[in-house]
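Let's take a walk through this one together, looking at charged pairs and a bit of surface.

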Amino acid sequence: MKKLIAAGVVGLSLGISGLASAESIKVGMITTLSGGGAGLGVDVRDGFMLALKNAGNTEIEVVTEDDGQKPELAVQIADKMVQSEKVDLLTGIIWSNLAMAVVPGVVQQDILYLSPNAGPSALAGAMCNKNYFNVAWQNDNLHEAMGAYANDAGYKKAYILAPNYPAGKDALTGFKRYFKGDLAGETYTQLGQTDYAAEIAQIRASGADAIFFFLPGGMGIAFMKQYAQSDVGLPVLGPAFSFSQDILGAVGDAALGVKNSSQWSKDIDNAANKKFVESFQAEYGRLPSLYASQGYDTANLIIAAASKASVKDKDAFRAAVKEAEFESVRGDFRFGNNNHPIQDIYVREVVKEGDVLTNKIVGTAFEDHQDAYAAECKM
Amino acid sequence: MTLALFIEQLLNGIQLGVMLFLMAAGLTLIFGVMGLINLAHGSFYMIGAFACAAVAAATGSFWLGLAASLAAAALVGALVEMTVIRRLYERDHLDQVLATFALILIFSEGTRWLFGSFPLYLDIPQVLSGTIDLPGGSRYQLYRMAIIGVGVAVAGGLYLLIARTRLGMRIRAGEADREMIGALGVDIRTLYTVVFALGAALAGLAGAMVGALQSVQVGMGEPVLILAFVVIVIGGIGSIKGALIGAILVGVVDTMGRFLLPQFFISFMGPSQGTAVGSALASMLIYILMALILAVRPSGLFAAKG
């Protein structure tokens with residue numbers, strides 16, 4: 001028996017040293033896992049972990065912490081991860097106000113930050129940084145696509161609505177950049193607001209012919225339900241965040257037929273996406289959202305970069321990330337000068353497949369679209 | 001701006017106020033009778049909403065869900081009182097805040113464990129969908145009107161309960177002098193459990209009714225809890241009447257602020273700046289209101305004692 005244990009111990013220690021000799025990467029993931037925005041963070045994390053599992057990657061160690069959607073907490077966690085956990089790179093933040101609090105400080109310390117979601121305009125323009133990569137989109141992008149779509153659909157007078165925080169302002173700016181009609185009204189709601197009766201009454205009185213709203217997570221569920229219960233009945237438009245897979249179930253049939261814009265959809269036809277959607281369903285028993293696809297792409301980007309350069313060699317690793325030679329589930333993907341994606345953006349429609357509400361692509365809004373701030377970035 | 005829109009917004013404000021009253025009534029009753037600060041009150045709101053959504057999904061009936069929300073919140077309230085809260089009455093407020101904050105975390109994670117991180121679906125019942133016509137040519141959603149009705153009925157019921165029944169007499173006596181009614185042979189432990197369960201049930205009812213309008217998700221109770229605290233501070237801690245007036249005041253001021261302030265600033269600052277300034281100020285408005293009221297009446301509008 002003793003021999004057996006001794007052998008086991010020797011074997012184990014061999015195993016450990018074997019692992020240590022391969023290049024390990026420590027990734028700090030700060031994301032929202034509690035509160036009203038938890039669905040988004042859970043999807044980013046699950047997508048990220050699934051990519052590691054599908055690749056059979058054991059070199060990447062992920063330390064995950066919940067920021068509770070609070071900027072001050074996110075800053076504390078980032079400090080801890082950089083200073084005591086000694087992470088090689090950071091990722092995970094969902095909300096733009098948290099990203100604005102964390103990212104500038106982190107990239108100053110020469111730590112790489114790969115955003116799987118938030119893309120505030122400030123970080124894409126003058127404040128762009130060689131250590132900051134956005135794997136999802138610049139905030140304005142999906143809203144720009146919806147502004148262009150609203151022209152094509154013939155809407156002349158839109159009422160637009162978003163929460164009062166950096167991404168909300170980017171959203172309405174993006175929509176207005178492409179929308180040629182007039183605005184019947186423009187409203188900033190509180191972040192986390194759940195009752196929209198006052199806004200819906202104003203929409204009814206405004207004489208609008210369409211509504212564009214950006215309300216991610218629980219806010220969008222509340223708005224869409226209350227809107228459907230009211231008898232306003234105007235067509236609704238939004239970015240994918242307002243109609244993503246994580247909230248469609250709770251919104252219900254009220255969302256059927258609604259058009260929304262996204263850089264990803266589960267019906268994009270490529271091998272990587274097919275594998276992603278199938279393995280996500282098998283692993284977690286639900287359909288992936290665009291957030292999950294962004295987490296998945298972020299992990300695959302890290303894996304691809306790590307196969308080319310050591311994470312300890314900052315310059316080489318940064319260059320390897322920028323090349324972005326990985327199979328993105330959204331198809332073509334490359335970084336622009338400001339480390340933000342240049343990619344296609346689609347128009348999707350909410351449909352029912354059996355009992356499940358989901359999205360399908362009905363058109364392409366932009367091909368190889370780059371954000372409007374890239375020119376302000378001196379890289 | 002038309003009169004119809006103004007009336008609709010006023011009703012929206014009252015509806016928000018009535019919902020806040022259901023939360024604040026329990027909170028202020030528990031503080032008034034037992035001297036306990038209960039941060040976990042928002043969890044009962046969440047439990048009510050989840051019980052309603054789960055039962056409505058299983059049975060297809062919103063009404064069964066509503067009954068389940070009352071039962072579940074009251075039951076959990078009674079259990080929590082008997083196991084945890086009972087040990088806190090003699091402690092100071094800091095201990096109470098710490099312990100009930102821990103309860104929030106336990107309930108939130110417990111709910112996440114049971115139902116997952118993704119919001120549940122709950123819709124309003126078919127009979128209450130649609131709108132009703134109001135004088136002046138405006139329309140108002142029937143379901144929101146029903147919430148106002150339920151809130152008014154609960155306010156009336158609470159008044160009768162406290163002013164006219166034996167239980168109400170004991171509650172008032174408990175507020176006035178705890179040791180004395182114990183000495184007079186009233187079973188104070190049971191009284192406390194009943195009051196706590198009653199407060200929890202009201203929060204659960206609010207959660208279920210609002211869950212059909214909003215999203216049923218973990219952590220939904222805490223934003224409402226903050227507003228409910230603002231309400232009881234404005235109304236005077238321990239006073240049911242204060243909770244009612246405070247809740248309506250907060251509801252109407254918040255809604256009207258969101259509606260009128262941006263328009264006011266747009267009239268002389270232009271649309272984009274006016275919207276930004278107006279929205280920012282609107283979100284601060286109820287706290288400004290609270291500060292003003294506390295400056296004039298430091299213990300709130302209808303302080304129960306001293």
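Is Lys308(A) buried, partly exposed or exposed? This is a predicted model, so keep that in mind as we go. Lys308(A) counts as partly exposed because its relative accessibility is 40%. Its salt-bridge partner is Glu323(A), with the closest N and O atoms 2.3 Å apart. Glu323(A) sits in helix α13 of chain A, while Lys308(A) is in the loop between α12 and α13, so the pair ties together parts 15 residues apart in sequence. Glu323(A) is partly exposed too, at 44% relative accessibility.

Over all chains, the structure has 28 salt bridges. Another of them joins the side chains of Glu85(A) and Lys26(A), at 3.5 Å from N to O. Here Lys26(A) belongs to strand β1 of chain A and Glu85(A) to the loop between α3 and β3, so this pair ties together parts that are 59 residues apart in sequence. Glu85(A) has 25% relative accessibility, so it counts as partly exposed. Also in chain A, a network of salt bridges links Asp43(A), Arg45(A), Asp46(A) and Arg286(A).

Now hop over to chain B. Glu109(B) and Arg112(B) form a salt bridge, with 3.4 Å between the closest N and O atoms. Both are in helix α4, and because they are three residues apart, about one helical turn separates them. Arg112(B) is buried at 12% relative accessible area, whereas Glu109(B) is partly exposed at 42% relative accessibility.

Last stop: a nonpolar patch on the surface, formed by Leu3(B), Phe6(B) and Leu10(B), with about 260 Å² of accessible area together. Leu3(B) is part of helix α1 of chain B, and its 59% relative accessibility makes it exposed.

Definitions and conventions
Residues numbered from 1 in each chain as written. Chains lettered and ligands numbered in written order. Predicted model: local features only at pLDDT ≥ 70, side-chain atom pairs only at ≥ 80, totals over all residues. Heavy atoms only, no water. Patch = residues over 30% accessible without salt bridge, like charges linked within 9 Å, V, L, I, M, F, W, Y side chains within 5 Å. Areas by Shrake-Rupley, 256 points an atom, 1.4 Å probe, with all protein chains shown as cover. Salt bridge = Lys/Arg side-chain N within 4 Å of Asp/Glu carboxyl O. Helix = DSSP H or I, 4+ residues; strand = E, 2+ residues; numbered from the N terminus. Buried < 20%, exposed > 50% of the residue type's maximum accessible area, 1.4 Å probe, protein only.
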